[in-house]
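Let us read a model together, one feature at a time. Look first, then ask.

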Amino acid sequence: MPEPGSKKYDTKRARLRKEAEQSGVSDQDANKAANDSLQQDPKWRSQGPRTERGRGPKGERSENAD
């Protein structure tokens, strides 16, 4: 799954932004609209840390985390 910051995510965001700009939306609003639309789609949302180390220091981890 592509995540924010990945090349696929950035490419998709750029395409959405370009489409919004061509439809008459300002630059800043187009960027925000592209990010918002990608974050609403579960396919493009972050899945969280993949390893124990990614969850942070043991003493600072929440008890409910997998």
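Q: Is D10 buried, partly exposed or exposed?
A: Buried means under 20% relative accessible area, exposed means over 50%, and partly exposed lies in between (1.4 Å probe, protein chains only). D10 has 31% relative accessibility, so D10 counts as partly exposed.

Q: What kind of model is this?
A: This is a predicted model, where local features need pLDDT of at least 70 and side-chain atom pairs count only at pLDDT 80 or more, while totals for chains, interfaces and linings use all residues. Residues are numbered from 1 along each chain as its sequence is written, and side-chain values use heavy atoms, with hydrogens and water left out.

Q: How many salt bridges does the structure hold?
A: A salt bridge is a side-chain nitrogen of Lys or Arg within 4 Å of a carboxyl oxygen of Asp or Glu. The structure holds 3. One of them joins D10 and R13, with the closest N and O atoms 3.8 Å apart. R13 is partly exposed at 21%.

Q: Where do D10 and R13 lie?
A: Helices are DSSP runs (H or I, at least four residues), numbered from the N terminus. D10 and R13 are 3 residues apart in helix α1, so about one helical turn separates them.

Q: Which residue pairs with E21 in a salt bridge?
A: R17 does, and the closest N and O atoms are 3.0 Å apart. Both residues lie in helix α1, 4 residues apart, about one turn of the helix. E21 is partly exposed at 31%, and R17 is partly exposed at 26%.

Q: What about K32 and D36?
A: They form a salt bridge too, with the closest N and O atoms 3.1 Å apart. They sit 4 residues apart in helix α2, so about one helical turn lies between them. K32 has 52% relative accessibility, so K32 counts as exposed. D36, at 32%, is partly exposed.

Q: How far does helix α1 reach?
A: The expected span of a helix is 1.5 Å times one less than its number of residues. Helix α1 covers residues 7-22, which is 16 residues. From first C-alpha to last, helix α1 reaches 23 Å, close to the 22 Å expected. G24 follows α1, and its phi is positive, near 105°.

Q: Which residue of helix α1 can be compared with A34 for C-alpha separation?
A: R15 is found in helix α1. R15 and A34 are 19 residues apart along the chain, and their C-alpha atoms are separated by 8.5 Å. R15 is exposed, at 55% relative accessibility.

Methods. Helices (H or I, at least four residues) and strands (E, at least two) are DSSP runs, numbered from the N terminus.
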